[in-house]
Amino acid sequence: MAYGKVTRMDYRRTNSQNSSFCSATTMLVFIALCVIGAWVMTSSHKFPVLISSSESNSEEAVSSQFGDISGDSNEPDFNMEPRNNNNFPVFDDSSSDSETDKTNEKIQDEGNKPEFDDANGKNEETKEEETQNEENENDQTSNSNSNSKNEVFPDGAQSEILKETSTENGAFSTQASESKNQKETRNSDSSGGKARNYKWKLCNATAGTDYIPCLDNENAIKKLRSTKHYEHRERHCPDVGPTCLVPVPEGYKRTIVWPKSRDKIWYNNVPHTKLAEVKGHQNWVKVSGEYLTFPGGGTQFKHGALHYIDFIQQSLSDIGWGKRTRVVLDVGCGVASFGGYLFDRDTITMSFAPKDEHEAQVQFALERGIPAISAVMGTKRLPFPSRVFDVVHCARCRVPWHIEGGMLLLELNRLLRPGGYFVWSATPVYQNLPEDVEIWNAMSALTKSMCWKMVNKTRDRLNEIGLAIYQKPMDNKCYEKRSQNNPPLCKDSDDSDAAWNISLQACMHKLQVDSTARGSQWPYQWPVRLEKAPYWLDSQIGVYGKPAKKDLEEDYELWKRVISKSYLHGLGIDWSKVRNVMDMRSVYGGFAAALRDMKVWVMNVVPIDSPDTLPIIYERGLFGIYHDWCESFSTYPRTYDLLHADHLLSKVRKRCELVTVIAEVDRILRPEGKIIVRDNVETISEMEQIVKSLNWEIIVTYSKEKEGLICVQKSTWRPKS
């Protein structure tokens, strides 16, 4: 300060200085002290900081909870809105007196312009005026403080990874890139800035509390010409997504936490007993007072899934659960005990079954905390890319593999990784009834013509069942040696990765022979494959404009930092109660990969109009699905604990109403579940209006430079009618 400099100069003056100068100096000092004293007494400026209730007593969290969004601007423009809620302290009282003095001096000098730290912990004025020695000293302190921040948004150069390049011209195409009937982009100012009045009502559907709009569209199902190929179990979405709310079962309780949930769930949460009556003797599910219990059995493993899983491993050591085999597809999963117990072998399973007479089987699975979707092998390809599953499993899955040229088995061939295994446990493998023998002979001929090699056929004497294990070839040599082209090879123009609303064809795709192409080599063993970029990304450009391998690595580091420094502690989420997680717009699976040490699983969703990076996600030992968020997701209501949407909603609202997407979020999110949204402030603002109308609790909102974050918790509120 100027005062300090004058004082230091005063001590250097000689004794010959006249007394008039001393008197003047003394008077100047006295006046300055009076002014400063009066100013300190009247000054009370504090900075508003919005934090979660769980961190409200932590000074460190109050002062450093939010990092910079972009770190690119020279003039940060924060807009942290305190909620009208006692859980959110508005002012930060943790700063020291010296810090307050410096801050108030800055405000006085700049005409009350508020000062905020940038991503590196330094303010703009300091960066311009501090001396070289002070700069070096303060840089060390600032960097130390910056490293301890709970960062909601990336800072500095790493923020660039959030800026996507064109999805049409990059290395990755989109599932919807060939569609020419895109809806016209909605004018972002169509609402004129005025708040809309959202009115909600309960869904009036026959399915009641189990309503899935795209699977329970009765009007569309009635118009089907045939149901021979399970067309009535396929997706038939309404033209416009519903904006009603699904009722909650009477007596619904918070879901039992994992791993206890694998063994029992609340009966009132999924009040269905038909499976217990029909399959109880096979240890699928039993009714026990206020619980539904799951002994861990199945049709083919009445004595428990773990014994069955180990039996498969003993039958073929090359299976290598949790090492060579990481990602499994379970067809006709029942209550998904097979996938539920594969977690014990560090293996994840995408389980699916139709919404059929096996009442609520997929809902049971999800309520238990086991990944599953409602889907059927009917007339269309499953919503997964080609050549991604290490093992495909079918235990009495009731799929007629051998009929119509083997069309359904050929769909599994599309999904199975070259060199991967198909594990078939069904009565034709071990029974000699005429029907079983006929099916076995047909399957033997079909698998041979597909060049699948049967590597083992064996019996499990404990469960009194048998299984056959087939391996898909790694190259085209067998295809070229076949005496008959049956099943035929698909046309070269047929894209094996196209999977959204694509009709099945009874053909096989040629395998990649180029050593640098995806599928020509088996992935790295788990967990190396999670950390190491796939070999086939070497020559590709990534979504964010950098070499794909570098893109992936930076994406992973980004999400590890954001999750560890913000999501785990800064958003008021009790992670001990989180099990089922969905990343609604996944790119490389970095969000899911960063959660690998948590007791959660993540459904990675790649929207159909986003770059098709789902094969990369599978290559890393994760799983996911394609989806159009203008339609309902193929899951039951109340099945996810946490949803994450990174720059998704602003894209979706160009094609459909945001309110329909939020209604779908309400449907699939459990009561008291949470959603984290990162997007532009316009989208965040519209979403905030909608969730307020739903009586959801806003945990955190944060915005800077037209980018924002909101974390909200779903309430138990339902309209009366």
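In what pairing are the bonded cysteines of the protein joined when numbered in sequence order? In this predicted model, the pairing runs 1-4, 2-3, 5-6, 7-8, 9-10, 11-12, and the structure holds 6 disulfides.

One of these disulfides is formed by C214 and C237, whose sulfur atoms lie 2.0 Å apart, and the link is right-handed, with 115° about the S-S bond. The pair connects distant parts of the chain, 23 residues apart, with C214 placed in the loop between α6 (132-147) and α7 (218-222) and C237 in the loop between α7 and β1 (264-266). The two partners fall into separate accessibility classes, since C214 is buried at a relative accessible area of 1%, whereas C237, at 21%, is partly exposed.

A further disulfide is found between C451 and C478, with the sulfur atoms 2.1 Å apart, and this link is left-handed, with -85° about the S-S bond. Here too distant parts of the chain are linked, C451 lying in the loop between α14 (434-449) and β9 (453-460) and C478 in helix α15 (residues 477-481), 27 residues apart. C451 is buried, with a relative accessible area of 8%, while C478 counts as partly exposed at 32% relative accessibility.

The disulfide that joins C394 to C397 has an S to S distance of 1.9 Å and is left-handed, with -85° about the S-S bond. In this pair C394 is buried, with a relative accessible area of 2%, and C397 is likewise buried, with a value of 10%.

Burial was also computed for C333, which counts as buried at 10% relative accessibility, and for C711, which counts as buried at 0%.

Key:
Residues numbered from 1 in each chain as written. Predicted model: local features only at pLDDT ≥ 70, side-chain atom pairs only at ≥ 80, totals over all residues. Heavy atoms only, no water. Disulfide = S-S within 2.5 Å. Helix = DSSP H or I, 4+ residues; strand = E, 2+ residues; numbered from the N terminus. Buried < 20%, exposed > 50% of the residue type's maximum accessible area, 1.4 Å probe, protein only.
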